[in-house]
Amino acid sequence: MPRTRKSQRRLYQAAVLAVVLLFAPVTAVRAYASPYQRNAASVPYEPVAIVFGAGAPNGQPTPYLARRLNVALDLYQRGKVTVILVTGDNSHPGYDEPTVMRDYLVARGVPTARIVRDFAGFDTWASCARAKKIFGVDHATLVTQDFHMPRALLLCRAAGIDGYGVSDTGESVDGENELVHDSAREVLAGIKAWGQAVFQPTPVLGKKETGVAAALAAAGVKAAALSR
């Protein structure tokens with residue numbers, strides 16, 4: 001420790017500044033996203049819900065992912081959305097988040113024809129950018145956990161997707177330790193999110209997909225509903 005009061009004061013000031021700079025991005029993300037967060041009862045109708053992957057080891061959704069899917073199921077049953085776009089990781093054989101997500105919803109009564117899979121949603125930015133550029137979604141209801149929602153809203157709106165977010169607001173799956181881990185991760189993820197929102201790196205793209213438009217058309221929703 002510094003021996004003089006002046007040196008100690010400078011060290012304290014530097015520490016405070018470091019903390020402020022560390023937490024500023026995630027605080028700004030939350031402030032930006034706050035006006036766009038709703039619950040299942042109050043969110044306006046959107047033709048599409050986007051559900052972000054959260055792990056599917058051994059062909060089963062993690063507890064966090066299952067809870068996201070339950071929120072999407074609730075929105076569908078309430079008539080708040082018509083089609084559900086499930087986006088996740090399918091980067092290697094034997095691991096297929098989107099199919100696990102689809103099967104979970106189908107087993108609970110959502111018709112297969114109302115679910116569209118995005119196999120290259122490797123992170124939040126990729127999911128948002130692909131929903132816009134590959135699937136043609138201009139506005140949607142986002143579904144994820146409450147700690148992840150501000151970042152998802154920031155990145156999807158940066159990608160050109162308007163709409164709202166409906167979060168799973170339940171308690172942490174594994175208790176206090178998991179909550180601390182999630183909060184710490186979001187601090188670092190907030191820094192990354194601002195960088196992606198500003199610089200908009202190109203994710204894995206490929207050819208355009210008509211699955212969302214076709215699913216809406218089959219449900220009697222005009223393709224124009226995808227854009228405003």
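Biologist: Where is Arg 151 found?

Modeller: In this predicted model, Arg 151 is found in helix α5.

Biologist: Why is Arg 151 called buried?

Modeller: Its relative accessible area is 15%. Buried means under 20%, so Arg 151 is buried.

Biologist: Which C-alpha separation is there between Arg 151 and Val 29?

Modeller: The two C-alpha atoms are separated by 6.2 Å, although Arg 151 and Val 29 are 122 residues apart along the chain.

Biologist: Which residues make the contact of α4 with α5?

Modeller: Arg 151 is one of those on the α5 side, along with Ala 152, Leu 155, Cys 156, Ala 158 and Ala 159. From α4 come Thr 124, Trp 125, Cys 128, Ala 129 and Lys 132. By class, the contact has eight nonpolar, one polar and two charged residues. Lys and Arg count as charged, and Lys 132 and Arg 151 are both in the contact.

Biologist: How do the axes of α4 and α5 lie, and is the crossing left-handed or right-handed?

Modeller: The axes come within 8 Å and cross at roughly 35 degrees. The crossing is right-handed.

Biologist: What makes Lys 132 and Asp 138 a salt bridge?

Modeller: The N to O distance between their side chains is 2.5 Å. A salt bridge needs a side-chain nitrogen of Lys or Arg within 4 Å of a carboxyl oxygen of Asp or Glu, so the pair qualifies.

Biologist: Is Lys 132 buried, partly exposed or exposed?

Modeller: Lys 132 has a relative accessible area of 27%.

Biologist: How many salt bridges does the structure hold?

Modeller: It holds seven. One of them joins Arg 67 and Asp 168, with the closest N and O atoms 2.7 Å apart.

Biologist: What makes the pair of Arg 67 and Asp 168 a link between distant parts of the chain?

Modeller: Arg 67 is in helix α2 and Asp 168 is in strand β6, 101 residues apart.

Biologist: What makes Asp 74 and Arg 78 a salt bridge?

Modeller: Their side chains meet at 3.1 Å, N to O, and the cut-off is 4 Å, so the pair counts. Asp 74, at 28%, is partly exposed, and Arg 78, at 45%, is partly exposed.

Key. Residues numbered from 1 in each chain as written. Predicted model: local features only at pLDDT ≥ 70, side-chain atom pairs only at ≥ 80, totals over all residues. Heavy atoms only, no water. Axes fitted to C-alpha atoms, helices over the stretch in contact; angles between N-to-C directions. Helix = DSSP H or I, 4+ residues; strand = E, 2+ residues; numbered from the N terminus. Left-handed = near helix turned anticlockwise from the far one by under 90°. Contact = heavy atoms within 4.5 Å. Buried < 20%, exposed > 50% of the residue type's maximum accessible area, 1.4 Å probe, protein only.
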